[in-house]
Amino acid sequence: MTNMGTLFDEWRVAVFSESTKSNKSQLILTMAVHYSPTLGSVSFPVYSISRNLDWVHVMAYDYCRPLQANHTGAHAALHDPLSDKNTDYGIGEWRASGLLASQLVLGLPYYGYAWKLVNPKDNDSGCTRSRFSHYARWILEL
């Protein structure tokens, strides 16, 4: 992701230049990002993002999807004390990495998932599922 920071630097210079030449307002630079500034073994260039982008849209969803695992889970958990896959953790990591709260826009899902449970009486988060329902399959096919 090293080159991403350079790209953002170059975009900001180009936006400033275009604005100066055209006597128009500067374009707004935004980006949709992973819920956390780290993605596997790499990290987003937060310093460059904070300098060059007006704001970022944090995709605070898809923490648990039907095609990923054979258990249920929170699709867009605000807080989960058992996992780092939650919005509270992700936003905290972006802030701790140096991004201002005023640059963060929380992206929320407009859809959800449903599962068929192996045991309908075992209906807590993390319980075993047999497959996802027709409703969820319909959502995935949109």
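**Salt bridges and the sheet**

Visitor: Which residue does Asp 54 form a salt bridge with?
Guide: Asp 54 forms a salt bridge with Arg 12, and their closest N and O atoms are 3.3 Å apart. The term stands for a side-chain nitrogen of Lys or Arg within 4 Å of a carboxyl oxygen of Asp or Glu. This is a predicted model, where local features need pLDDT of at least 70 and side-chain atom pairs count only at pLDDT 80 or more, while totals for chains, interfaces and linings use all residues. Residues are numbered from 1 along each chain as its sequence is written, and side-chain values use heavy atoms, with hydrogens and water left out.

Visitor: Where do Asp 54 and Arg 12 lie?
Guide: Asp 54 is in the loop between H2 and E4, and Arg 12 is in helix H1, so the pair ties together parts that are 42 residues apart in sequence. Those labels come from DSSP runs, numbered from the N terminus: helices are H or I with at least four residues, strands are E with at least two.

Visitor: Is Arg 12 buried or exposed?
Guide: Arg 12 is buried, with a relative accessible area of 16%. Asp 54 is partly exposed at 30%. Buried means under 20% relative accessible area, exposed means over 50%, and partly exposed is in between, using a 1.4 Å probe and protein chains only.

Visitor: How many salt bridges are there by this rule?
Guide: The count comes to two. Besides the pair above, Arg 51 forms one with Asp 9, the closest N and O atoms being 2.4 Å apart. Arg 51 is in helix H2 and Asp 9 in helix H1 (residues 2–22), 42 residues apart. Arg 51 is partly exposed at 38%, and Asp 9 is partly exposed at 29%.

Visitor: What is Ser 48 in contact with?
Guide: Leaving aside neighbours within four places in sequence, Ser 48 is in contact (heavy atoms within 4.5 Å) with Gly 5, Phe 8, Asp 9 and Leu 53. Ser 48 is found in helix H2 and is buried at 6%. Its side chain also reaches the backbone oxygen of Gly 5 at 3.0 Å.

Visitor: New topic. What order do the strands have in the open sheet?
Guide: The open sheet of three strands has the order E1-E4-E5, with parallel pairing. Strand E1 (30–33) and strand E5 (104–107) stand at the edges with a single partner strand each, so one side of each has no neighbour in the sheet. Two strands count as paired if DSSP finds at least two bridges between them.

Visitor: How many bridges join E1 to E4?
Guide: Four bridges join E1 to E4, and Val 33 stands opposite Val 58 in E4. Strand E4 (residues 55–59) and E5 also pair over four bridges, with Val 56 opposite Leu 104 in E5.

Visitor: What comes after H3?
Guide: H3 is followed by Gly 98, whose phi is positive, near 115°.

Visitor: Which residue other than glycine has a positive phi near 55°?
Guide: That is Asn 23, found in the loop between H1 and E1. Asn 23 is exposed, with a relative accessible area of 71%. Asp 62 is not a glycine either and has a positive phi of about 65°. Asp 62 sits in the loop between E4 and H3 and is partly exposed at 23%.

Conventions: Polar contact = N/O pair within 3.5 Å; in protein donor to acceptor, adjacent residues only side chain to side chain.
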